[in-house]
Amino acid sequence: TEDTMISDSAHADLVPVPPDAKTPTTQSADSDFGGKRLKALTLLGNVHGISMLKAADQSTLRHGEIWGSKLTYDADSGRATIPGPGHLLTENHKPAGAAQPVANQSALGSNFGDLVMQWQKSLVYDPNDRKVVFDGNVDAWFQQDVKDAGIMKLKSQSITAFLEPATTTRPATTAQATPAMQLSHITANGSADTPLNFTAKTLDFNADNIDYDPKTDLMTAHGTDLQPAELHDEDGSKRTFKELIFNVKSQIVESATGLKGDLRK
């Protein structure tokens, strides 16, 4: 993978390295600066990160880009923050001729495709908590890498991606390093005033919160007594529900409980 990070300016905080000190697992041993090591990094102005992984035939397997006006990074904890509006895009494609993918091979489990997100308040990545939090009027669009796939859209107040150590077949080594992470599950929440909204080719609903499990490709939506979830039908009618389970990969509603109402606009 080739990674690049650029900005208008950068400020690096350096500290002396004690002779017997071990390098934190969040940074490599070659990150020393003349006997000092990086403690914190601040990037300001037109922050733009790019990550690219290509196959042997030079086709794109994974491509990610992120933008913001400021980024802070703590080298000891590995915590990175964009304290303000920003957006990102990711492409995740199955290698040509590859067998049927298994869960967690892409950003959305076995779903390969293009993801675009934007937020207004902040993005926080904390490897110790194993999560990435997007906050403030978060919009997300995802389109699967399949023929005639429609765009799935999610508007929410916040989205949290929970991570877990990735499975690997590589032999263990004695070197201490930060383990590769993969997606565990995703949650999204509306606000007290505005429920989240999800739309797909065959579905449109408002809900208090959703949870997506990449291992099963199932997204579960919930309402509350104070803010019932609403299912919007193509004919203009709407119904409320307690819980709805949607298969993101097959684009099929697998179950819905507590359905009530059939109100015409």
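Visitor: In the hairpin of strand 9 and strand 10, which residue takes a positive phi, and how many residues lie between the strands?

Guide: That's Arg130, with phi near 55°, and there are four residues between the strands. Bear in mind that this is a predicted model, where local features need pLDDT of at least 70, side-chain atom pairs count only at pLDDT 80 or more, and totals for chains, interfaces and linings use all residues. Numbering starts from 1 along each chain as its sequence is written, and side-chain values use heavy atoms, with hydrogens and water left out.

Visitor: What makes strand 9 and strand 10 a pair?

Guide: Two strands pair if DSSP finds at least two bridges between them. Strand 9 (residues 122-126) and strand 10 have five, so they qualify, and they run antiparallel. Asp126 stands opposite Lys131 in strand 10.

Visitor: How do you know that strand 10 also pairs with strand 8 and strand 11?

Guide: By the bridges again. Six join strand 8 (residues 113-119) to strand 10 (residues 131-144), including the one where Leu115 has Phe142 as its partner. Another 11 join strand 10 to strand 11 (residues 151-165), with Trp141 opposite Lys153. Both pairings are antiparallel. In the hairpin of strand 10 and strand 11, six residues lie between the strands, and Asp148 takes a positive phi near 60°.

Visitor: How many helices and strands does the protein have?

Guide: Zero helices and 21 strands. Those are DSSP runs numbered from the N terminus: H or I of at least four residues for helices, E of at least two for strands.

Visitor: Why is a set of residues called a nonpolar core?

Guide: Because its members are buried Ala, Val, Leu, Ile, Met, Phe, Trp, Tyr and Cys residues joined through side-chain atoms within 4.5 Å. Buried means under 20% relative accessible area (1.4 Å probe, protein chains only). The largest core here has 39 residues, and Phe134, Ile159, Phe198, Phe205 and Phe246 have the most contacts inside it. Across the 265 residues of the protein, 38% are buried.

Visitor: What does Phe246 touch?

Guide: Leaving out residues up to four places away in sequence, its contacts (heavy atoms within 4.5 Å) include Met152, Phe198, Leu203, Leu218 and Val253.

How values were computed: Buried means under 20% relative accessible area, exposed over 50%, partly exposed in between (1.4 Å probe, protein chains only).
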